[in-house]
Amino acid sequence: MKPVYLRPKSLTETVSHYCPGCTHGISHRLVAEVIDELGIQSKTIGVASVGCSVFAYNYFEVDFQQAAHGRAPAVATGIKRVHPDKIVFTYQGDGDLASIGAAEIVHAAARGENITVIFINNAIYGMTGGQMAPTTLEGQVTTTSPSGRTHSVQGYPLKMSELIATIEGAYYVVRCSLHNPAHIARAKRAIKQAFENQIEGKGFSMVEVLSTCPTNWRMTPVEALKWVEQHMIPVYPLGEFKTGEGE
Amino acid sequence: MAEPILMKGNEAIAEAAIRAGCRFFFGYPITPQNEIPEYMSKRLPEVGGVFVQAESEVASINMVYGAAGAGARVMTSSSSPGISLMMEGISYLAGAELPCVIVNMSRGGPGLGGIQPSQADYFQATKGGGHGDYRLIVYGPSSVQEACDLMMKAFDVADKYRNPVMILGDGMIGQMMEPVVFKDDARESSISEKPWATTGNEGRKPNVITSIYLDPEVLDAHNWKLFRKYKAIEENEVMYQTYHEDDAEWFLVAYGTVARICMSVMEKMRKEGVKLGLIRPITLWPFPKAILRQVADKAKGFLCVEMSTGQMVEDVRLAVGGKAPVYFYGRTGGAVPLPRAIEKRVRDVIAGRDPVVTDYLEHNQGGGGK
């Protein structure tokens with residue numbers, strides 16, 4: 001019998017600490033599949049951020065550095081400048097990238113750093129127990145917006161892909177979602193493109209991945225996937241915001 | 001031996017770093033250290049290196065983290081407020097055991113303070129500054145030549161112990177011009193000497209650079225491992241200079257540029273028959289405790305002089321351990337202690353007059369009580 005679905009070589013055989021129904025597992029697998037398919041496992045260096053994915057280095061079978069909160073793009077810059085021939089990616093959540101690390105991501109894009117950024121947007125702080133994120137939707141209840149996020153009090157959700165796409169140095173910016181198999185397949189194509197861009201020296205690529213947090217959203221995994229489709233996508237439309245073409 | 005050349009401190013330090021094999025610099029502008037990044041932005045590309053002007057000191061130190069973890073000889077430089085912003089990153093560098101060199105051409109604080117020379121960052125440099133149980137190896141050079149020599153040494157020591165090293169200069173060291181000899185030992189650095197670095201896991205298990213250990217037992221073990229390393233540094237790396245240790249009855253204690261002012265005071269007063277010596281710590285951490293404890297047995301007293309309201313003086317008192325009185329004289333905010341003010345303070349101390357702080361402030365000569 002020929003196996004058709006195996007663990008990617010770039011994923012370790014570790015049981016993850018992610019909650020049931022969380023889409024981090026899918027994102028990790030997509031990145032690992034892409035690393036395998038591109039044959040870059042032995043030359044890839046990952047940068048883990050602070051948040052639920054802080055232990056990403058336990059799950060990827062590649063060299064890794066763990067960065068301070070929000071600083072992954074700066075750490076990746078340091079690595080890539082030392083090893084321009086290696087493949088460097090960051091894996092960051094929305095609190096990390098869109099809040100405390102807003103300056104680092106903007107300036108890594110502005111410099112056109114030839115790195116790949118995987119940006120997990122689940123509209124909440126997962127690791128710390130469900131606080132409001134910069135990406136939390138209006139009306140969304142979190143432990144620090146108990147009456148629901150109200151723009152007159154807590155401001156508006158921050159749309160990072162739209163923002164980064166305005167930066168000349170950004171080569172490829174795309175938003176995708178993991179709420180169903182068809183979109184998972186699209187997300188994989190985007191992630192692959194983002195790594196290929198780096199291999200070809202095209203510059204800064206960011207893939208925003210709309211993801212779930214059933215635990216802190218207080219939903220079942222199935223409800224959470226539906227919530228992404230029904231509530232997140234209208235605020236965070238999917239698609240390519242910058243494709244690098246014509247540049 | 002090479003010919004001496006006249007160079008500004010900041011530029012000389014930058015050149016010394018390149019000769020030590022440093023090929024990566026990440027920094028952000030701040031006075032009074034701007035000549036370092038400016039020099040690096042021109043020189044590093046000439047030697048195949050990389051200069052990046054970061055968006056902030058926070059980003060600079062994290063770029064240093066990435067490059068150090070990738071195996072490179074790397075540095076940054078800044079001045080007091082910028083160094084405060086780097087403290088988070090320095091704690092991570094220490095926790096992840098990454099070697100790098102950080103230059104602080106310190107200026108007057110707190111807050112935005114001023115841009116003139118200061119030694120008020122001694123506590124921050126030697127007592128932590130960032131969070132957690134860690135130590136920085138800290139050098140306090142007193143001349144441009146010594147700053148260059150220590151710069152070359154700093155990269156080797158950082159690599160040897162896998163620990164960040166700080167050069168704690170002040171605006172005077174950075175801004176003054178002095179003759180410098182670059183000893184003929186320029187060298188290349190090699191990433192292959194760092195088997196722990198993240199270089200891509202070709203033919204080996206993945207390397208991980210991290211400072212997170214959620215299991216208390218594991219973090220406890222990690223911290224005691226760091227502690228043993230710091231003990232070894234304390235045993236091996238202490239540097240200081242003593243002057244007239246043999247016959248001195250009274251000792252000045254000072255580091256950096258202030259030590260040079262104290263030296264003039266010492267030479268002048270010795271000609272007048274005052275048996276005055278000087279102890280000049282070169283490593284501020286590890287602090288030269290043993291020599292102070294040793295001379296304290298026969299000393300009548302110590303006068304610690306700093307460009308602060310009294311920071312190193314606490315370490316002097318700890319080392320002396322009550323064997324002799326330790327007095328203090330300081331100026332702050334960019335004001336530099338004048339030789340005649342130090343001399344007056346020495347005479348007062350020897351005569352048993354120890355005026356309260358306000359007496360000195362009224363004369364606009366700085367302060368200091370016992």
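This is a predicted model: local features need pLDDT of at least 70, side-chain atom pairs count only at pLDDT 80 or more; totals for chains, interfaces and linings use all residues.
**View 1. Helices α1 and α2 of chain B cross at roughly 45°.** Here α1(B) covers residues 9-19 and α2(B) covers residues 35-46, and their axes come within 8 Å. An angle like that makes α1(B) oblique to α2(B). As for handedness, the crossing of α1(B) and α2(B) is right-handed.

**View 2. Zooming in on the residues where α1(B) meets α2(B).** On the α1(B) side, look for B:Asn10, B:Glu11, B:Ile13, B:Ala14 and B:Ile18. From α2(B) come B:Glu35, B:Ile36, B:Tyr39, B:Met40 and B:Arg43. Sort the contact residues by type and you get six nonpolar, one polar and three charged.

**View 3. An open sheet of seven strands in chain B.** Reading across, the order is β3-β2-β4-β5-β7-β6-β13, with mixed pairing. The edges belong to β3 (50-53) and β13 (283-285) of chain B; each has a single partner strand, so one side of each has no neighbour in the sheet. On average, neighbouring strands are turned by 20° against each other, ignoring direction. Inside this sheet, β2 (residues 24-27) and β4 (residues 74-78) of chain B pair in the parallel sense over two bridges. To find your place along that pair, spot B:Phe25, which sits opposite B:Met75 in β4(B).

Definitions and conventions. Residues are numbered from 1 along each chain as its sequence is written. Chains are lettered from A and ligands numbered from 1 in the order in which they are written. Axes are lines fitted to C-alpha atoms, for helices over the stretch in contact, and angles run from 0 to 180 degrees between N-to-C directions. Helices (H or I, at least four residues) and strands (E, at least two) are DSSP runs, numbered from the N terminus. Angles under 35 degrees count as roughly parallel, over 145 as roughly antiparallel, 65 to 115 as roughly perpendicular and the rest as oblique. A crossing is left-handed if the near helix is turned anticlockwise from the far one by less than a right angle, and right-handed if clockwise. Two residues are in contact if their C-beta atoms, placed from the backbone, lie within 7 Å. Ala, Val, Leu, Ile, Met, Phe, Trp, Tyr, Cys and Pro count as nonpolar, Asp, Glu, Lys and Arg as charged, and the others, Gly among them, as polar. Two strands pair if DSSP finds at least two bridges between them.
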